[in-house]
Amino acid sequence: MRVALIVIAVVVAVIAILVALLLIESRIELNKIRLTEYIYKGPKVDKALDNKSFIFLSDFHEAEEGRLNERIITFVKEAAPSLILIGGDMINGSHEEEDITPSTSLINALSEIAPIYMASGNHEMKVREGYYGYKSLWERFYGAICDKVEYIDNRSVYPKELPIKLSGLDLDYLYYKRFSDVKLTGSTVTEHIGECDKTAFNILLAHNPEYFDGYSQWGADIVLSGHYHGGILRLPLLGGVVSPKLKLFPKYEYGMYKKGDTVLYVTNGIGQHTLKLRLNNIPEVVKITFKSENR
């Protein structure tokens with residue numbers, strides 16, 4: 001009996017130590033930030049696009065109360081992008097008096113580097129639509145950034161800085177609801193933002209990567225997504241463990257994917273909200289550079 005109790009005590013101690021080490025590692029990773037770079041080559045990359053680049057960031061979630069902001073700003077300055085694209089979830093919306101200063105001050109600073117275009121994530125959508133019972137947080141957030149960014153929810157623009165068509169997709173809560181299995185087709189995207197201009201180079205800001213099939217059907221050349229936070233815990237060979245819908249090992253959890261002529265880039269984001277945990281999953285800012293196929 002005594003031996004059994006000793007064994008149990010040792011097992012419990014080992015588990016406690018492992019959990020403590022994992023939590024320590026998570027805190028270390030949450031306070032890191034890196035620049036991830038991709039090269040995009042395709043038939044639509046002409047002289048006007050060749051060697052131009054843009055920055056993509058998403059899922060900031062008031063990261064570490066703004067402690068990463070200066071490092072993010074430094075990365076973006078050094079990257080010298082033509083545009084900065086934000087894919088949503090800059091805020092949490094967990095309570096009406098939430099401190100949004102980390103997000104708004106970051107956007108303020110980044111707007112001094114390059115023009116910013118932004119679409120909503122599910123957190124902005126919920127706050128804007130009063131999902132949490134209030135809209136004042138959205139009014140504060142949007143009021144603080146509306147002269148710093150061009151917000152493109154369910155509409156398209158042709159930025160003067162790059163010869164592209166840029167569209168922002170804002171989906172209803174149904175497409176984010178946990179355990180739901182709703183489908184999204186190219187025609188659904190068209191209903192939200194109109195027909196794809198096949199003569200243009202189309203970049204689609206679409207927060208949720210789950211619906212890559214529909215984005216590809218619509219005709220996007222590049223899709224930029226986040227939302228999954230890299231699966232929170234990333235395992236070697238297996239990738240991200242869980243999606244926000246609580247699906248295990250989701251299909252498009254992080255990195256670059258290709259379907260037909262469409263390329264999807266999924267960032268693991270910068271911050272966390274409810275479950276402040278990251279393992280083998282360092283936050284990132286993404287830089288994408290266009291290169292001619294002739295290079």
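**An open sheet and a buried arginine**

In this predicted model, six strands come together as an open sheet, arranged in the order β6-β7-β8-β9-β13-β12, with mixed pairing. The edges of the sheet are taken by β6 (155-157) and β12 (255-259); each of these has a single partner strand, so one side of each is left without a neighbour in the sheet. On average, and with direction ignored, neighbouring strands here are turned by 20° against each other. As for what holds such an arrangement together, strands of a sheet pair through backbone hydrogen bonds, either parallel or antiparallel.

A look inside the sheet picks up the pair made by β7 (residues 165-169) and β8 (residues 202-206), which run in the parallel sense and share five bridges. Within this part of the sheet, leucine 169 sits opposite alanine 206 in β8. Helix α6 (residues 186-193) lies across β6, β7 and β8, and its direction makes an angle of about 100° with β7.

Is arginine 234 buried or exposed? Its relative accessibility is 16%, and because buried means under 20%, arginine 234 counts as buried. The side chain of arginine 234 has a polar atom 2.9 Å from the backbone oxygen of glycine 230. With neighbours within four places in sequence left aside, arginine 234 is in contact with Gly239, Gly240, Glu253, Tyr254, Leu279, Asn280 and Asn281.

Notes
Residues numbered from 1 in each chain as written. Predicted model: local features only at pLDDT ≥ 70, side-chain atom pairs only at ≥ 80, totals over all residues. Heavy atoms only, no water. Buried < 20%, exposed > 50% of the residue type's maximum accessible area, 1.4 Å probe, protein only. Polar contact = N/O pair within 3.5 Å; in protein donor to acceptor, adjacent residues only side chain to side chain. Contact = heavy atoms within 4.5 Å. Pairing = 2+ DSSP bridges. Helix = DSSP H or I, 4+ residues; strand = E, 2+ residues; numbered from the N terminus. Axes fitted to C-alpha atoms, helices over the stretch in contact; angles between N-to-C directions.
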